[in-house]
Amino acid sequence: MTISKLAAALTALLALSACATQPEIPYDRNAEQSNKTIGLLTPGWPSGPTSFLASEPGQSFGLVGALIDAARQSNRDKDLEKIIAAHNLDLRAQFVTRLSANLESKGYKVVAVSADATRSSFAKKYPGAAEGIDSYLDVAVPIYGYMAAGIGADSPYRPWFAAGAKLVRANDAHVLMQDRVVYNTIGEAKNVITLSPDPQYAFPKWNDVEAAPDRAVAGMQDAADKSADTIANLLK
Amino acid sequence: MKSPLFLLPVLALAACATKPVPPPMVDLAAVHCESDLALGGATPVLFDPKNGKMTPGLIDGGAPCLAEKAGTRALYRVFTLPAAADSFVIDVRATPWANTILAPRVLMLDGNGRETRSATRADFTFRGQSLSTLLRSHDDERYLVVLSDSEMLGRTVSRIVEGVQTNMVFTPYAAVAYNTGTDRTNVMTLTPTGRVEVTLTPIKPDGK
């Protein structure tokens, strides 16, 4: 991932985290009993995984340090891409399947609706009233992968996943629910639903991720699954 | 005999030692409880029609106790909701208190004290380090009761918290800033007492 791509992802992440001005709006299922069929928009999804070190040593050394950091970041991202490719992992498809199944278990009918998958935040417009669809669920995932707060074994790489979720009424785009979920947060995220990472997916050094690719993939799947379940639970 | 001065470093160390934290209260067997909620003396929740407004509360050992039909006991605190014309979001939070946090649940009551709905542990999620549930306001509801969840008392929750702090090093020629990361595990015991925050945030008519 280049500096600009990472910056865009982090900007989107900030928009999803404590800095966001969009308020959290809970769903009131009793008041929305006619909402039975949800059009699930193709989730906004990043072009690839991110392996983020929050306190890169190069940050202290100006532009040269930033370039070195970016190169190291890019190498880690490529490592993660290779691991994902080697496992034929389609995390977005898995996320959609998990989210749909959970919503259906809560009594909703879920219909896939095509949308721009490259968006990093909520859609600007919704398809409008459509036959058989009562609401649209808009999920934007600006970032996923691994994150470590610092260098050293006491601040290991852990899975990282962030998502915004918004449910709008189909006929007038009235917001019925809006919230944000982050698996493994960094810093204070007072208004975001924060999922604590599973301790079994901790890698003291980046080399440990490469040495245990199955566990690394399982960690990302765990982050995506728990985030999908949390979003579905917002509509219970 | 040696001078007693040799004891000074030991005394200094003892003075610096962390005081032991008493075990959290998790048993309500000895607490006097009533079979009905006492709605008198409820705390009014602050409301600003333009911005979110938070009202703090505390459930401590002196809080009223409810003896429930199931035989369980719960400490509680009652809040009164404003009769606002606009819809608002009610955010009920239990916030950490040392290494403990209230095991929360919520009852919503109408003006006659009748229960209209509730929020149980399945409705609470962590937002930051607080346990929170969000509810949309209902016109007929006047009381919000935050209670302890007797089935959760004494259990622990473990949370991994990551952070970054910026440090400065000053040299005769320059000041250098560098970041260090922290990764720690917070373990909190769920208790019948703790700090509570109730925040009301207006919802705009378009729902945004």
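Colleague: Which residues do ring pairs link into a cluster?

Modeller: In this predicted model, the cluster consists of A:Trp45, A:Phe95, A:Tyr144 and A:Phe161, linked by ring pairs. Over all chains, a search of the whole structure finds eight aromatic pairs.

Colleague: Why is the pair of A:Tyr157 and A:Trp206 called edge-to-face?

Modeller: The ring centres of A:Tyr157 and A:Trp206 lie 5.0 Å apart, and a pair requires centres within 6.5 Å. Their planes stand at 65°, whereas edge-to-face applies over 60 degrees. The pair is therefore edge-to-face.

Colleague: What parts does the pair of A:Tyr157 and A:Trp206 tie together?

Modeller: A:Tyr157 belongs to the loop between β4 (135-148) and β5 (158-169) of chain A, and A:Trp206 to helix α4 (residues 206-211) of chain A, so the pair joins parts 49 residues apart in sequence. Both A:Tyr157 and A:Trp206 are buried.

Colleague: What makes the pair of B:Phe47 and B:Phe88 tilted?

Modeller: The planes of B:Phe47 and B:Phe88 are at 45° and their ring centres 5.1 Å apart. B:Phe47 lies in the loop between β1 (43-44) and β2 (53-59) of chain B, and B:Phe88 in strand β5 (residues 88-95) of chain B, so parts 41 residues apart in sequence are tied together.

Colleague: Why does A:Gln178 count as buried, and which backbone oxygen lies 3.0 Å from a polar atom of the A:Gln178 side chain?

Modeller: A:Gln178, in strand β6 (residues 175-183) of chain A, has 6% relative accessibility and so falls under the 20% limit for a buried residue. The backbone oxygen in question is that of A:Pro23.

Colleague: How is the packing of helix α3 (residues 91-105) of chain A and helix α5 (residues 213-233) of chain A described?

Modeller: The angle between the helices is about 35°, and their axes are 9 Å apart. The crossing of α3(A) with α5(A) is right-handed. Residues in the contact include A:Leu91, A:Phe95 and A:Leu99 in α3(A), which meet α5(A) residues, among them A:Met220, A:Ala224 and A:Ile231. The contact comprises nine nonpolar, five polar and three charged residues.

Terms used:
Residues numbered from 1 in each chain as written. Chains lettered and ligands numbered in written order. Predicted model: local features only at pLDDT ≥ 70, side-chain atom pairs only at ≥ 80, totals over all residues. Heavy atoms only, no water. Helix = DSSP H or I, 4+ residues; strand = E, 2+ residues; numbered from the N terminus. Buried < 20%, exposed > 50% of the residue type's maximum accessible area, 1.4 Å probe, protein only. Polar contact = N/O pair within 3.5 Å; in protein donor to acceptor, adjacent residues only side chain to side chain. Axes fitted to C-alpha atoms, helices over the stretch in contact; angles between N-to-C directions. Left-handed = near helix turned anticlockwise from the far one by under 90°. Contact = heavy atoms within 4.5 Å. Nonpolar A, V, L, I, M, F, W, Y, C, P; charged D, E, K, R; others polar. Phe/Tyr/Trp six-rings, centres within 6.5 Å; stacked < 30°, edge-to-face > 60°.
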